[in-house]
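Subject: Structure handover

Hello,

Here is the structure we spoke about, with the sequence. My notes follow below it.

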Amino acid sequence: DAAAAAAILKDCSVIVGLHPDQAVGVLVDLALGLGKPFACVPCCVYSKEFPLRKLANGQQVRTFEDLCEWIMAKDPRIQSETLDFEGKNRLLWYVPPAGDELP
């Protein structure tokens with residue numbers, strides 16, 4: 001049920017998405033909104049499904065690099081690392097400062 005799901009998300013210690021596809025933007029927004037750490041390895045862009053995703057210059061998000069730039073623009077404290085395996089291996093992560101988590 002929705003109340004139970006909300007409680008689990010509110011009480012979790014980190015939000016993680018590996019190949020989260022269409023959920024990547026919501027995952028990041030949820031983590032930032034709740035003041036939770038997150039780690040995600042984005043993959044597919046889905047530009048046709050998300051035509052309103054725009055970069056700072058107004059260009060639509062169309063490539064993997066665009067997607068990572070769009071995610072990182074959500075908060076200047078989001079970090080990026082390259083993981084040691086082939087394929088989509090870019091980890092985007094964020095750890096909020098102490099005290100930022102919602103009560």
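Is E65 buried, partly exposed or exposed? E65 counts as partly exposed, at 48% relative accessibility; buried means under 20% relative accessible area, exposed over 50%, and partly exposed in between (1.4 Å probe, protein chains only).

This is a predicted model, in which local features need pLDDT of at least 70, side-chain atom pairs count only at pLDDT 80 or more, and totals for chains, interfaces and linings use all residues. Residues are numbered from 1 along each chain as its sequence is written, and side-chain values use heavy atoms, with hydrogens and water left out.

Salt bridges

Searching the whole structure gives three salt bridges (a side-chain nitrogen of Lys or Arg within 4 Å of a carboxyl oxygen of Asp or Glu).

- E65 and R90 meet at 3.0 Å, N to O. Because E65 lies in helix α3 and R90 in strand β4, the pair ties together parts 25 residues apart in sequence. R90 is buried, at 18%. Helices (H or I, at least four residues) and strands (E, at least two) are DSSP runs, numbered from the N terminus.
- D29 and K74 meet at 2.8 Å, N to O. D29 is in helix α2 and K74 in the loop between α3 and β3, 45 residues apart.
- D75 pairs with R77, with the closest N and O atoms 2.9 Å apart. D75 is buried at 10%, while R77 is partly exposed at 38%.

Strand β4

Four of the five residues of β4 (90-94) are buried. Strand β2 (38-41) runs antiparallel to β4, joined by three bridges, and β3 (79-82) is also antiparallel to β4, with four bridges. Strands pair if DSSP finds at least two bridges between them. W93 is the bridge partner of A39, and L91 stands opposite E81.

Regards
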